[in-house]
Amino acid sequence: MAAPTTDCVSLTIAANIACSISIVLINKWLYTEYGFPNISLTCIHFVMTSLGLLICRKLNFFQPKSVPIMKMMPLALTFCGFVVFTNLSLETNSVGTYQIMKTMTTPCIMAIQSTYYDKSFSTKVKLTVIPITIGVTLNSIYDVKFNLLGVCFATAGVLVTSLYQVWVAEKQHEFQMNSMQLLYYQAPLSAAVLIVVIPFIEAPLFSFHGALGSYPRNVVMLVLMSGVIAFSVNLTIYWIIGNTSPVTYNMAGHLKFCVTVLLGVLVFSDPLSFLQVLGIATTLSGVIGYTHFKMAEQNIGPALQIAKHLPGSRLVQPFSRNLLGFVTIIFTQH
């Protein structure tokens, strides 16, 4: 199959950046301005993603693989946990704090892999944890909108996200599946779990603050748009990973990080002190350093270029498994 044109790559990256930023701002708007129930919105995202994947399957974007449902349940449960907690973090924190707290996923994954999977990291990679941690601490201390509950949600999100990403890498290897094949099972299972849970922890569906309450038409449109964008983020990430280099993907991620923080300040009037800016810059330098050192060590670039020329190697499985080990999804929001 012919390689995608430069224009096609540029448009897809631009679409991914726009979708990733839009979903953060739309979700934040729904939470703060209309009090839309958080977990119900997450469930809607899962349902929309499931429908989108069904369409992709019909269009032969990927072929599903048979896998025991029960073996997917731990992954589906952690998928629920990480999206729910990160959305709760977005609801209760400023956009900047929400975004920067997610960067702690990187050192958390390192700790899990070192402790339970006997994986070692070089000194250079370990040292990148220092600026990430210092930056997050600086931002939290000097955040005028500091919210203890929000920090608890963010911390829980980091822990569950880290566990989820480690398990995704393991399941991809175990089942020999790519990310879309995994998500094809995860999304409907996770939606089913939340449908069962929602009545016990949120307002009744048809009440004032319920998911099916009397919301203005523009809110309903925003909710549906949020679901479509959530799927679009996944789809464009999948395409970018399969058709570009790790450097391209990561540079897009760094740009999303910066623009999302900036728009959070402009749209929601989140105060941002000099020390917070310093903290964000320090964290970003640690994330960029971590990405650079890991890619240099694993030398993914040449291997990926060779793999692209091998028969049947167009799909993203080899790259996505490596990517999950050192990039994480800290710059995307489902």
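Predicted model: local features only at pLDDT ≥ 70, side-chain atom pairs only at ≥ 80, totals over all residues.
Residues are numbered from 1 along each chain as its sequence is written, and side-chain values use heavy atoms, with hydrogens and water left out.

**Overall make-up**

- The protein chain holds 14 helices and zero strands, where helices (H or I, at least four residues) and strands (E, at least two) are DSSP runs numbered from the N terminus.
- Of the 334 residues in the protein chain, 54% are buried, that is, under 20% relative accessible area.
- Among contacts with a separation of 6 or more, 88% join residues 24 or more positions apart, a contact being heavy atoms within 4.5 Å.

**Packing of H2 and H3**

- Helix H2 (residues 38–58) packs with helix H3 (residues 69–92) at an angle of about 130°, their axes lying 10 Å apart, with axes fitted to C-alpha atoms over the stretch in contact and angles running from 0 to 180 degrees between N-to-C directions.
- H2 and H3 are therefore oblique to each other, the class left over once angles under 35 degrees (roughly parallel), over 145 (roughly antiparallel) and 65 to 115 (roughly perpendicular) are set aside.
- From H2, the contact is made by Asn 38, Ile 39, Thr 42 and Phe 46, and the residues of H3 include Phe 79, Cys 80 and Glu 91.

How values were computed: Buried < 20%, exposed > 50% of the residue type's maximum accessible area, 1.4 Å probe, protein only.
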